[in-house]
Every structure is written in C-alpha cells, then in structure tokens.
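I opened my notebook to look up a few things in one structure. Here are my entries, in short form.

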Amino acid sequence: MQTTVEPIRGTNDPVQSLELSLVVPVFNEEESVGPLVERILAAMAQYPNRWELILVDDGSTDATLVNARKFVGREGLALRIVELQRNFGQTAAMQAGIDTARGRLIATMDGDLQNDPRDIPSMVSELERRELDLLVGWRKNRKDGLLLRKIPSWCANYLIGRITGVKLHDYGCSLKIYRASIIKQVKLMGEMHRFIPAWVAGVVPSSRIGEMAVTHHAREHGVSKYGISRTFRVILDLLSVMFFMRYKARPGHFFGSLGLGLGAVAVLILLYLGFDKFIMGNDIGTRPMLMVGVVLLLSSVQMITTGILAEMIARTYYRDDASPNYIVRQIFDDQSQA
C-alpha cells in the first residue's frame with residue numbers, strides 16, 4: 001500500500017517547518033549506505049533550518065535495508081526509510097521519495113557516494129538567490145570512465161538539449177534541488193529520471209531551471225548499475241520525451257498531421273491515375289502507383305482514427321490517473337521505533 005502524508009496547517013507543527021527533504025534512492029548499496037548517512041550528517045551539521053533524510057530502498061537483496069535501519073532514531077537525524085516491495089527502478093524509487101517528502105524544498109542524490117552532500121547547502125542558497133524552481137548539479141570534473149560513461153553522456157546531453165530546448169551541461173546528475181510545489185506536479189515514469197529538467201520545463205519556464213558545478217567522486221564500493229547499453233534506452237526515452245513535451249495534451253495533432261499528410265499524397269496520386277484512366281484512356285490496373293495510392297489512403301484513415309483514440313485516452317488519463325508506479329512495503333522512522 002502507498003503511505004501518504006496529510007497536509008498539516010498548524011503554524012507550530014514541526015512537519016510544516018521542515019525546510020528541506022533529502023531523497024536518496026538506494027539499491028544494493030550495503031557498503032555505501034552507512035558512510036553515506038555519516039557524510040550527510042557532517043555536511044548538514046551547519047545547515048540552519050530543519051531537514052529530513054528519506055532513504056528509499058528499491059528492493060535491495062543485500063544488507064542495505066538492515067544497515068540503513070541502524071540510523072533510525074539517531075539523535076540529530078530525522079530519518080525516514082521507505083522500503084519498496086520489489087525493485088521498481090531508480091525513477092519509481094525517486095518518485096516514492098518525492099511523494100513521501102514533507103519539506104518546502106526537495107534535494108535528490110545518488111546513494112553510491114559519488115555525489116557530495118556538502119554541495120547541498122550551497123545549492124539551496126543558489127536556488128533561492130537566483131529564484132529558481134530547479135537547480136541541477138553539473139559534474140564538471142566527472143570521475144568516470146571516458147569511453148563507457150563520459151562520451152555517451154556528452155552525446156546524450158547534447159541531444160536532450162537540442163530536442164527539449166533546456167540547455168544544461170549534465171542531465172544525468174542526480175544531485176538536484178527542487179521546490180516541492182513544482183516537482184510534485186510532475187509524475188516520473190519508466191526510466192525518465194534523467195529527463196527531469198525537461199519534464200519540469202513543461203510546468204515552469206525554462207528560465208527558472210539552472211545548473212551549478214558540483215563535486216563528483218569515483219565510486220568507492222560495489223559496481224555501477226549502468227553500462228553502455230543504457231545509451232540505446234536513452235535514445236528511445238528521448239523520443240518519448242519529445243512526443244510527450246509537444247503532444248502530451250493533444251496527441252490527435254501528431255497522428256492527425258501524419259494522417260493528413262499521407263492522405264494528401266494519396267489524393268494527388270489517385271487524382272493523377274484517375275485523369276490518366278478516364279481522360280487519357282490508359283490502363284492503370286497493373287501500375288504500382290495505384291497500390292501505393294490505396295495503401296497511403298488507408299494509412300491516412302488509420303492515422304486519423306488513431307489520433308482520435310489517442311485524444312480519448314489522453315482525456316481519460318488526465319481525469320483518472322492517480323495511481324503510483326511503485327508499492328511501499330513499510331516505512332521506518334522514529335515513530336516506528338517507539
């Protein structure tokens with residue numbers, strides 16, 4: 001079942017005074033999760049406002065959850081651990097953490113110790129100073145392999161920027177700061193976490209999205225969950241992003257435009273063949289152009305009707321969609337330890 005947090009309006013309630021929620025999805029990071037929490041505590045020691053840490057265990061099969069639970073109830077740490085029922089993927093885990101977060105601002109980062117939590121306070125200050133809704137980390141000096149990680153990432157960042165219109169150096173950095181009121185309007189699905197700035201640009205102007213150079217460390221424990229194969233998934237996801245950004249609310253325009261274009265070509269072909277048959281008296285029964293014209297005409301009708309169906313599905317989606325793309329098994333926090 002999904003655990004929700006009801007809004008609390010009392011002016012003295014500690015939940016309402018939460019300034020920052022730090023969301024960290026973890027999957028099979030048993031060696032990293034302990035040092036991660038310690039580093040977060042050290043980095044946030046001088047942060048002047050109230051904050052909470054949300055660890056989302058994305059169906060780990062090692063001791064990640066056990067090691068994380070050791071920190072529940074620790075003095076000076078407001079920790080909540082969201083245990084998902086199985087492995088749903090980083091995007092769903094991030095969505096679960098965002099849904100659970102109660103802070104006015106939300107920060108996200110990876111749990112593999114490659115992001116540096118010491119960047120978070122300065123990123124929060126930078127977001128407020130520039131009056132942004134999203135501040136994205138830029139791994140300017142990235143500590144990853146050149147061939148398998150950096151080059152595919154550079155290519156992906158270029159393509160994403162060109163197609164979405166949101167110009168950033170590093171879409172793939174998980175270290176980001178959001179205004180909760182904005183990111184909670186965006187529903188993350190599939191493997192779309194790397195396109196979050198593009199989704200946010202569908203809610204706010206791209207001028208309210210910025211970036212800031214951050215520290216990046218080499219992986220200390222375990223192995224990367226990603227390889228060169230993700231490049232192909234990024235290309236497919238990018239096509240989906242392009243479609244959703246431009247036609248999410250009006251898919252009929254996309255399919256209808258294709259249908260009208262094919263129909264126009266079909267009409268021209270059939271008019272020409274009709275003139276050749278009835279005016280010039282030539283036989284057209286065995287001409288390939290006749291088959292092409294008929295196929296194009298049928299394709300045109302199919303595209304237009306698909307567009308109508310897509311419009312109906314889109315309206316149903318906007319009216320009825322409220323289901324999460326993850327299942328929470330249990331939440332651990334200070335109250336669960338009492």
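I began with the second largest cavity, whose lining has 5 nonpolar, 4 polar and 2 charged residues. Ala, Val, Leu, Ile, Met, Phe, Trp, Tyr, Cys and Pro count as nonpolar, Asp, Glu, Lys and Arg as charged, and the others, Gly among them, as polar.

I noted the ground rules next. This is a predicted model, where local features need pLDDT of at least 70 and side-chain atom pairs pLDDT 80 or more, while totals for chains, interfaces and linings use all residues. Residues are numbered from 1 along each chain as its sequence is written, and side-chain values use heavy atoms, without hydrogens and water.

I listed the lining of the second largest cavity: among its residues are Met94, Tyr171, Lys176, His193 and Arg194. A cavity is a set of points on a 1 Å grid over the protein atoms alone where a 1.4 Å probe fits but cannot get out, and lining residues have an atom within 4 Å of a point. I read off a volume of about 40 Å³ for the second largest cavity. Volume here is the space filled by probe spheres set on the points, which are joined across faces, edges and corners.

I moved on to Ala266, in helix α9 (residues 251-278). Helices are DSSP runs (H or I, at least four residues), numbered from the N terminus. Is Ala266 buried or exposed? I put it down as buried, because its relative accessibility is 0%; the cut-off is under 20% for buried and over 50% for exposed (1.4 Å probe, protein chains only).

I checked what Ala266 touches: beyond neighbours within four places in sequence, Ala266 contacts Gly293, Leu296 and Leu297. Contact means heavy atoms within 4.5 Å.

How values were computed
On a 1 Å grid over the protein atoms alone, a cavity is a set of points where a 1.4 Å probe fits but cannot get out, and a pocket is an open set with protein on both sides within 12 Å along at least five of seven lines; lining residues have an atom within 4 Å of a point. Helices (H or I, at least four residues) and strands (E, at least two) are DSSP runs, numbered from the N terminus.
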